[in-house]
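Dear colleague,

Please find the structure below, handed over for your study.

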Amino acid sequence: MHILGRLGFISLFIIAIAASIVFMAVNNTIINAAEWNKKGNINLDDTITIKPLRGDILASDGCILATNLNYFNLRIDFKAKRFMIREYSAAIDSLADSLAHYFPRHTRDGWKEYLAAPLKKSRKERSSAYMLLKEIPDDAVRRVKQFPFFKRSNNANRTGLVRERVLKRKYPYGEMATLSIGRVGEVARREVRGVSGLERALDSLLYGTPGKAKKVLFTDRVANWTIQPPRNGYTVTTTIDITMQDILEYELGDMLIKTGAEWGTALLMDVETGDIKAISNLERDTVPGSERYIEAMNRAVLAYEPGSVVKTISMIVALEDGFAFPLDRTFNIEPKGVGFRYCGGRPINDTHSPATLPVNRFLEYSSNIGMAKLLTSHFENDPNAFRERLRDLGFFDRFHTGMARERTPYFPTIANNKGGRIALSRMVFGYSTMIPPLYTCAMYNAIANDGKFVRPRLVKALKSPDGADSIIPVTYVRDSVCSRKNARILRDMLHEVVWGEGGTAKALKNDIVTIAGKTGTCRILAETKPSGHKPDSTKKASGNDKRPQIGGYLDGHYRLSFCGFFPYDKPRYTCFVMISDPSPAYKGAATTSGTVLKNVALKLYSRGMLDNCSKLEDEPEVESRPTLYASNDENRHNRLASGLHMPSGTVITAPGQTDPGLVPDVRGLGIREAVVTLEKAGYNVSFSGIGYVETQTPAPRSRIARGSKVKITLKQD
């Protein structure tokens with residue numbers, strides 16, 4: 001009876017549960033089906049964004065300047081089903097040793113403490129994604145897998161080792177052209193977007209188009225289903241030449257260190273295409289005691305008072321409007337201390353001009369008075385007309401190079417009154433204006449290009465993700481800023497700045513690359529700061545200002561500029577260099593900024609990058625003589641002969657003397673003596689082999705131009 005009662009009770013209980021199950025099933029699938037389906041589809045209806053792959057940035061020859069590389073985060077899953085907790089505990093000491101050796105971000109004891117920390121918690125509290133190493137390359141991942149404990153098994157369920165792929169933006173050339181190429185950063189919604197340079201200016205092209213996915217219910221799982229694939233970013237090919245960039249950065253940095261300047265900017269532009277082949281912006285590191293110069297603000301596109309480099313641009317207007325002619329017309333240059341007083345303003349002075357100067361020598365002597373008299377006599381009835389003439393030339397048009405924060409020149413609108421005329425007299429030789437170095441360089445480039453005003457560009461091609469190339473053509477701001485004849489006249493004037501008797505850049509003369517250009521020296525505007533405090537020139541007359549600051553100039557603080565092109569007879573490149581606030585010992589634009597340009601030109605020549613090559617004409621026949629050893633050092637010769645107990649001259653021969661202008665005979669010399677001998681004679685040297693010089697090309701006593709390359713072959717018997 002008791003058994004039947006118990007059986008009945010159990011049966012009723014089972015029936016009640018079954019009825020409850022049936023009721024819930026009917027309720028969920030029929031009565032409230034719509035509500036439950038809505039709840040169940042909430043996650044399935046969510047749209048997931050698929051991030052696109054950011055496009056690469058390339059140099060002009062295809063070298064990668066910016067790309068995406070796979071890195072990995074390594075995590076340990078302490079909740080893995082078959083995690084070998086006992087073996088892990090036993091291996092902590094040896095694992096800490098390996099990690100400290102290869103990843104010294106912690107000491108051995110630090111790693112040991114870090115690895116043991118999860119074991120102090122209960123199994124439920126342990127992390128399933130404990131960070132071990134962050135953003136390491138694939139080869140490092142493979143190395144970690146061979147560490148103690150992890151090498152016991154490749155099964156992540158046993159070791160808990162999980163790798164998580166992370167895409168990182170990398171720049172193979174480091175700090176080279178940092179500001180023009182730019183950098184990326186994480187913004188809203190954890191998106192990586194461009195924050196400076198080309199990365200920012202072309203962000204919409206580089207970033208690409210995100211895709212879309214949603215979760216889909218399969219038989220055994222819920223998985224993501226792509227409904228719109230992402231479109232990866234474009235590959236951008238820039239105009240940057242890696243070799244030229246390296247040369248320009250080195251020469252600018254070397255001059256900044258030498259002069260102790262605050263900052264410097266330089267850019268190199270192809271005359272025919274306007275391609276920016278190199279651009280560098282360096283300034284003193286703000287770390288106390290540091291003497292390094294680092295890439296910082298892109299000053300090439302910001303505006304500063306330019307100084308005398310603007311005289312060339314003023315001369316374009318004078319030549320095109322015809323009032324510069326005749327070029328031999330002379331102007332009186334008042335002596336220093338008297339100066340040229342125009343409209344009652346402060347006197348304008350020249351530093352080293354003679355008593356009279358013809359128009360065609362104004363640039364050579366950098367005459368403030370000459371330029372002021374020439375331009376004010378033409379525009380004094382309407383001072384603002386000078387600014388409008390520059391507008392007609394396209395000088396105020398935005399270039400859209402792709403560099404972020406690009407500014408246009410600032411020439412204030414001036415009234416037709418006494419104050420306006422005084423302002424005009426300063427504008428024509430580079431004060432009361434603000435011009436970005438990029439715009440000055442572009443105008444000089446037009447002069448070198450027979451007057452054709454080509455638009456500067458930093459991007460020359462785009463490649464879509466499907467492989468289609470889009471070449472960005474060379475374009476022009478204006479067909480010309482001046483006639484071919486006037487461009488020729490201006491090139492001659494700029495040539496005399498370097499080569500003329502009164503040239504302000506005579507220090508740049510050399511017999512290898514003929515340089516033409518113009519110096520510019522401009523005082524730095526003062527700031528309101530406590531007496532005795534040296535102003536921070538990163539804020540002086542900043543390109544962020546809408547107009548020049550009002551007030552005086554700092555005594556002994558200058559910006560020194562040089563803008564020019566080379567080679568003079570057939571210009572290939574235009575270069576602008578500006579150095580701000582060098583030490584007082586360096587006051588000349590030619591010996592600072594101009595020297596940077598000169599050294600860049602000479603290095604390009606030595607590497608055959610100016611369409612130059614050695615002329616291998618008929619070489620004079622020379623007698624062939626075997627040489628065991630040779631030296632220009634007589635003492636060395638005597639020591640060796642004595643040590644070997646040989647009569648002097650039996651085996652040892654010294655190269656014959658070579659007349660100036662002929663290639664020295666260096667056969668038999670060691671590599672050090674051979675290179676010194678040839679470089680002293682003015683030649684560049686390349687060599688191959690080891691030992692002593694066996695042959696040289698061109699042959700000894702050949703007559704070739706200084707700066708040509710001499711190849712020597714060494715041999716060791």
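In which helix is Phe13 found? Phe13 is found in helix α1, which covers residues 2–31. Helices (DSSP runs of H or I, at least four residues) and strands (runs of E, at least two) are numbered from the N terminus.

Before going further, please note that this is a predicted model, in which local features need pLDDT of at least 70 and side-chain atom pairs count only at pLDDT 80 or more, while totals for chains, interfaces and linings use all residues. Residues are numbered from 1 along each chain as its sequence is written, and side-chain values use heavy atoms, with hydrogens and water left out.

Overall picture

The secondary structure of the protein comes to 21 helices and 25 strands. Of the 717 residues, 48% are buried. Here, buried means under 20% relative accessible area, exposed means over 50%, and partly exposed lies in between (1.4 Å probe, protein chains only). The accessible surface comes to about 36100 Å², and carbon and sulfur atoms hold 52% of that surface. Such areas come from the Shrake-Rupley method with a 1.4 Å probe; for residues, only the protein chains shown count as cover. Among contacts (heavy atoms within 4.5 Å) with a separation of 6 or more, 69% are between residues 24 or more positions apart.

The surface patch

Phe13 also belongs to a nonpolar surface patch of about 640 Å², together with Phe9, Ile10, Ile14, Ile17 and Ile21. Patches are made of residues with over 30% relative accessible area and no salt bridge; like charges are joined within 9 Å, and nonpolar side chains (Val, Leu, Ile, Met, Phe, Trp, Tyr) within 5 Å.

The nonpolar cores

In soluble globular proteins, nonpolar side chains tend to be buried together. A nonpolar core is a set of buried Ala, Val, Leu, Ile, Met, Phe, Trp, Tyr and Cys residues joined through side-chain atoms within 4.5 Å. The largest core holds 128 residues, of which Met315, Phe386, Phe566 and Leu604 touch the most other members. Helix α17 gives the largest share of this core, namely 9 residues. Leaving aside neighbours within four places in sequence, Phe386 is in contact with Ser314, Val317, Leu375, Phe379, Phe411, Leu424, Met427 and Val428.

Salt bridges

Side chains of opposite charge can pair when their charged atoms come close. The structure holds 29 salt bridges, each defined as a side-chain nitrogen of Lys or Arg within 4 Å of a carboxyl oxygen of Asp or Glu.

One of them joins Arg457 and Asp275, at 2.4 Å from N to O. This pair links distant parts of the chain, 182 residues apart: Arg457 is in the loop between β16 (453–454) and β17 (459–463), and Asp275 is in the loop between β11 (263–270) and β12 (276–284). Both Arg457 and Asp275 are buried.

A second pair is Asp450 and Arg491, at 3.1 Å from N to O. Asp450 lies in the loop between α17 (437–448) and β16, and Arg491 lies in helix α18 (residues 484–499), so this bridge ties together parts that are 41 residues apart in sequence. Asp450 is partly exposed, at 22% relative accessible area, whereas Arg491 is buried, at 6%.

Arg667 and Asp665 form a further salt bridge, with their closest N and O atoms 3.0 Å apart. Arg667 counts as buried at 13% relative accessibility, and Asp665 is buried at 3%.

Backbone details

How many degrees is omega, about, at the cis peptide bond that joins Phe325 and Pro326? Omega there is about -5 degrees, and Pro326 is found in the loop between α12 (310–320) and β14 (330–332). Another cis peptide bond joins Thr697 and Pro698, with omega about 0 degrees. Pro698 is found in the loop between β24 (692–697) and β25 (709–715).

Phi of Glu135 is near 50 degrees, a positive value; Glu135 is found in strand β4 (residues 130–136) and is partly exposed, at 32% relative accessible area. Phi of Phe149 is near 75 degrees, also positive; Phe149 lies in the loop between α6 (138–144) and α7 (156–159) and is buried, at 3%.

Yours sincerely
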